[in-house]
Amino acid sequence: MKISVFAVGRMKAGPEKELADRYFDRFSKSGPAIGLELAGVVETPESRAQGAADRKREEADRLKQHLATGAALILLDERGKSIASEDFAGRIADMRDGGRRSLVVAIGGPDGHDPSLREAAEFVMSFGAQTWPHQMVRIMLGEQLYRAATILSGHPYHRA
């Protein structure tokens, strides 16, 4: 299953980008052995529309253009459900084993996700009740994808 990340906003060069890239690289090297492939990170600029609803709609339209037919969608949102790393890995494995060919994990802009994306999403996930900067979310997502691959492969990185 090909997994891609769709992110509203761009990461500038610096330690945060280097760390995110390091985890995505680890995932790209460990995933293929268990049927998971990093298809890449797609960045799109934040919408400049006047109202929040218009910004969310514009950003959602860009994401929908990126979604392949039949692709699973997970949204990252502070109002989503917080789950354990094992459960995240299990959801990915269930999608893969259920024949899903692709998964997109979306990081929204400052205004969040459009309601149409929430309706289309397989799951809306949170990294906790706190609000995190976009750069940190990207790092945490990269690490959790890598951790999911290690959990699914039985690697000792995850010591639960």
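Q: At what angle do helix 3 and helix 5 pack, and how far apart are their axes?

A: First, the ground rules. This is a predicted model: local features need pLDDT of at least 70, side-chain atom pairs count only at pLDDT 80 or more, and totals for chains, interfaces and linings use all residues. Residues are numbered from 1 along each chain as its sequence is written, and side-chain values use heavy atoms, leaving out hydrogens and water. Helices (H or I, at least four residues) and strands (E, at least two) are DSSP runs, numbered from the N terminus. An axis is a line fitted to C-alpha atoms, for helices over the stretch in contact, and angles run from 0 to 180 degrees between N-to-C directions. Here, helix 3 (residues 85-97) packs against helix 5 at about 70°, with the axes 9 Å apart. That makes helix 3 roughly perpendicular to helix 5, a label for angles of 65 to 115 degrees.

Q: Which residues of helix 3 and helix 5 make the contact?

A: Contact means heavy atoms within 4.5 Å. Helix 3 gives Ser-85, Glu-86, Phe-88, Ala-89, Ile-92, Ala-93 and Arg-96. Helix 5 gives Leu-141, Gln-144, Leu-145, Arg-147, Ala-148, Ile-151 and Leu-152.

Q: Which way do the residues of strand 5 point?

A: In a regular strand the side chains alternate between the two faces of the sheet. In strand 5 (residues 123-126), Phe-123 and Met-125 point one way, and Val-124 and Ser-126 the other way. All are buried, that is, under 20% relative accessible area (1.4 Å probe, protein chains only), while exposed means over 50% and partly exposed lies in between.

Q: In which sense do strand 3 and strand 5 pair?

A: Two strands pair if DSSP finds at least two bridges between them. Strand 3 (residues 72-82) and strand 5 pair in the parallel sense, over 5 bridges. Leu-76 stands opposite Met-125 in strand 5.

Q: Is Ala-129 buried or exposed?

A: Ala-129 counts as exposed because its relative accessibility is 78%. Ala-129 sits in the loop between strand 5 and helix 5 (134-153).

Q: What pattern does the chain follow along the sequence?

A: Read along the sequence, the pattern is β-α-β-α-β-α-β-α-β-α. That comes to 5 helices and 5 strands.

Q: How much of the chain is buried?

A: Buried residues make up 45% of the 160 residues. For overall extent, look at the C-alpha trace: along its principal axes it spans about 50 × 35 × 25 Å.

How values were computed. Parallel < 35°, antiparallel > 145°, perpendicular 65-115°, else oblique.
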